[in-house]
Amino acid sequence: MLQLLVYITIYPPTLAASNVSHLFRQKGIDLTQFSPRPTDMKASSGALLAAAAFAALAATALATSYTVGGADQWDTYIDYEKWTADKKFVVGDIIEFKYMPYHNVLEVTEEDYTACNPGSPISTHSGGNTTFELTAEGTRYFICGIPRHCLNGTMHVKITTVPYGAAAAQAPLGLTPADAFAPGPSAAGKPPVGATSDAPRYQRPAAAVAGMALAALLALVA
């Protein structure tokens with residue numbers, strides 16, 4: 001049960017119904033061993049419900065919302081390749097396009113993205129504010145469908161999403177929770193601040209809270 005709870009909480013964004021079994025098989029965990037005996041039914045059910053609640057908490061804490069283009073938003077002559085270069089988009093994250101009414105957002109195929117072709121979009125959006133949840137790993141392609149805005153005005157961006165586990169694997173090993181989550185010293189003697197939304201997931205205060213909650217849960221069910 002302890003191993004099951006750990007994996008449920010570490011990988012919350014990947015726990016869609018379609019890949020739960022695959023995830024545990026990949027980790028070498030036999031789910032049948034966790035089938036409760038009649039005498040353990042109530043305790044096991046309570047522990048799994050608690051684990052599910054903590055998994056939801058962790059997923060919410062670790063998800064990030066990005067405004068495409070940052071302060072420049074969705075507009076002509078913005079270098080969106082530069083904007084995405086230092087970001088790692090993870091399953092569960094949200095991207096938000098903010099733009100003037102004379103722009104729009106088209107999700108397109110890779111071929112139409114390369115050609116700046118707005119003729120057969122996957123979806124078309126307008127209104128000045130469009131949000132997409134990154135629900136699966138892979139690359140998604142977006143352009144502005146107004147003539148010449150994509151081809152001549154750089155209004156095209158591709159977003160590559162990775163599973164949360166791939167991002168978490170980059171976390172340094174052998175650190176205590178205090179080492180992993182505490183903000184570093186600040187410049188000029190200013191008070192330190194917590195990690196920003198651009199910090200690695202394992203360095204964010206919300207992730208620390210989820211980790212402490214997990215520790216408390218494990219202490220209860222041990």
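Is Asp86 buried or exposed? Asp86 is exposed, because its relative accessibility is 62% and the cut-off for exposed is over 50%. Keep in mind that this is a predicted model.

**Salt bridges**

The structure holds two salt bridges. One joins the side chains of Lys87 and Asp86, at 3.1 Å from N to O. The other joins the side chains of Arg140 and Glu107, at 2.9 Å from N to O. Arg140 sits in strand β7 and Glu107 in strand β4, so this pair ties together parts that are 33 residues apart in sequence. Glu107 has a relative accessibility of 9%, so Glu107 counts as buried.

**The five-stranded sheet**

Strands β4 and β7 belong to an open sheet of five strands. The order is β2-β8-β7-β4-β5, and the pairing is mixed. Strands β2 (89–90) and β5 (123–125) stand at the edges. Each has a single partner strand, so one side of each is left without a neighbour in the sheet.

Inside this sheet, β4 covers residues 105–108 and β7 covers residues 138–143. The two run antiparallel and are joined by three bridges. Glu107 stands opposite Phe142 in β7. Glu107 also meets the side chain of Arg140 in the salt bridge described above.

**The three-stranded sheet**

Another open sheet has three strands, in the order β1-β3-β6, again with mixed pairing. Its edge strands are β1 and β6 (129–133), and each pairs on one side only. Neighbouring strands of this sheet are turned by 20° against each other on average, direction ignored.

Strand β3 (residues 94–98) pairs with β6 in the antiparallel sense, over five bridges. Two bridge partners can be named here. Ile94 has Glu133 of β6 as its bridge partner. Glu96 has Thr131 of β6.

Which residues of β6 are on its covered face, and which on its uncovered one? Thr130 and Phe132 make up the covered face. Asn129, Thr131 and Glu133 make up the uncovered one.

Thr64 lies in the loop between α3 (41–62) and β1 (65–67). Thr64 is buried, with a relative accessible area of 5%. The C-alpha atoms of Thr64 and Ile95 are separated by 8.5 Å, although the two residues are 31 apart along the chain.

**Cysteines**

How many disulfides does a search of the whole structure find? The search finds one. Cys116 and Cys150 form the disulfide, with their sulfur atoms 2.0 Å apart. The torsion about the S-S bond is about -65°, so the disulfide is left-handed. Cys116 lies in the loop between α5 (110–115) and β5, and Cys150 in the loop between β7 and β8 (156–162), so the pair ties together parts that are 34 residues apart in sequence.

Cys144 is in no disulfide. The nearest cysteine sulfur is that of Cys150, 8.1 Å away. A disulfide needs sulfur atoms within 2.5 Å.

| Residue | Relative accessible area | Class |
|---|---|---|
| Cys116 | 16% | buried |
| Cys144 | 2% | buried |
| Cys150 | 3% | buried |

The cut-off for buried is under 20% relative accessible area.

Terms used
Residues are numbered from 1 along each chain as its sequence is written. This is a predicted model: local features need pLDDT of at least 70, side-chain atom pairs count only at pLDDT 80 or more; totals for chains, interfaces and linings use all residues. Side-chain values use heavy atoms; hydrogens and water are left out. Two strands pair if DSSP finds at least two bridges between them. Helices (H or I, at least four residues) and strands (E, at least two) are DSSP runs, numbered from the N terminus. Buried means under 20% relative accessible area, exposed over 50%, partly exposed in between (1.4 Å probe, protein chains only). Axes are lines fitted to C-alpha atoms, for helices over the stretch in contact, and angles run from 0 to 180 degrees between N-to-C directions. A salt bridge is a side-chain nitrogen of Lys or Arg within 4 Å of a carboxyl oxygen of Asp or Glu.
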